[in-house]
Amino acid sequence: MKHKNKIISLRPFCFLTPSVSTISVTILCILLPQILMLFLTRSFNSLLLLCCSITASLATEAVDKLCIRKQHFSVLPVLIQGILIGLFIPADYPPVAFFFLTGIMLLLTKYVFGLHAGSWINTTAATIIAAYFIGSVWFPAVHVPVEQIQSPNMSLLLIQEGVLPVYRFDSAITGFLNEHIFSALGTAVPDGYISLLWDSGSAIPAFRFNILTLIGSLFLFSFRILDALIPALFIGVYLGLVRLFCPVFAGGMFGTGDCLLALLTGGTLFTAFFILPWFGTVPMTTCGKVFYGIFAGIAAFFISGFGLSTAGAVFTVFSANIVSVLIQFFEQKMSDSVLYSKKLPKIQSMQELRNGY
């Protein structure tokens, strides 16, 4: 910035966290490969629904700008919001109904839950939950026999039965890994897991491209946009419960649950990195984040189960947001008590001073 031929700089000051614009641009760049994969896989229904959610999100922001006469139109955060909502909707959902539903839910979360500011409920989760209750028939359900739930390799059985897709390049990559890497460890990986990591074939785009989600998470951590505490606790607790107790509920053995199926289906990775730790919906303190992540992992186990759930992830986020409100309430109480305790000696000294006079 120049003023009277002088350059004013912010140095030596620096930002502790990236700016809102930097965060928005980074998240948008991370989500673009997911959209590109929809083009490459000819998922045109999902692209149409994505356009509907983006249009509804931008239209809602325009209405909000006209109602309260804001001078600034936040395009990037609104665009990301529309993309996230569109990625969580099944491909067969009616586009027109989804467009109006998205607009209504965005207005509700902004003016009812958010009170003209950031909503304490994750907007993506709230919108998809509403879409689920209105049109649950378009959210496909995978029915798994009890015998398969008891198996320690349930994902392999689903791959062999054709429930999970296997692509032509899978055998070549799997053979290379088994020959040069896993053979040194005395083990081998069967065909199908590379396909599950590349594209799970789910009707919901956010559940499909797990490898892109993992790569995107590395950028989020590298640019300090995302704190690894909440995603790590969420995934660790959820997979630990699946491993220990999931087969037990179906009469299976203790400690034989299929963690790989739970991790790569049902949107576990995408939810952990892009939805659950969304800004404004998580606690502020480290203890609060620990409790938040642990609770989310437990909730995911009881809601999503062993994986393959089409709406369990958003219900998990919704329940965690409610608990986050309670956590933030106690955080505020503790913060106020600390401030009061620091001011108390000053008040006592003033009282002693008055008594002295």
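Mentor: Start with the surroundings of Ser200. Leaving aside neighbours within four places in sequence, Ser200 is in contact (heavy atoms within 4.5 Å) with Leu164, Pro165, Ser195, Phe207, Arg208, Asn210 and Leu264. This is a predicted model, where local features need pLDDT of at least 70, side-chain atom pairs count only at pLDDT 80 or more, and totals for chains, interfaces and linings use all residues. Residues are numbered from 1 along each chain as its sequence is written, and side-chain values use heavy atoms, with hydrogens and water left out.

Ser200 sits in the loop between α9 (193–198) and α10 (210–222). Helices here are DSSP runs of H or I, at least four residues, and strands are runs of E, at least two, numbered from the N terminus. The Ser200 side chain reaches the backbone oxygen of Phe207 at 2.8 Å. Phe207 is also one of the contacts of Ser200.

Ser200 has a relative accessible area of 8%, so it is buried. Buried means under 20% relative accessible area, exposed over 50%, and partly exposed in between (1.4 Å probe, protein chains only).

Now move along from α10. Arg224 lies in the loop between α10 and α11 (229–245). Arg224 is exposed because its relative accessible area is 55%. Its phi is positive, about 55°, although Arg224 is not a glycine.

One more loop has such a residue. Arg42 is placed between α1 (20–40) and α2 (44–68). Arg42 is not a glycine, yet has a positive phi of about 55°. Its relative accessibility is 63%, so Arg42 counts as exposed.

Notes. Polar contact = N/O pair within 3.5 Å; in protein donor to acceptor, adjacent residues only side chain to side chain.
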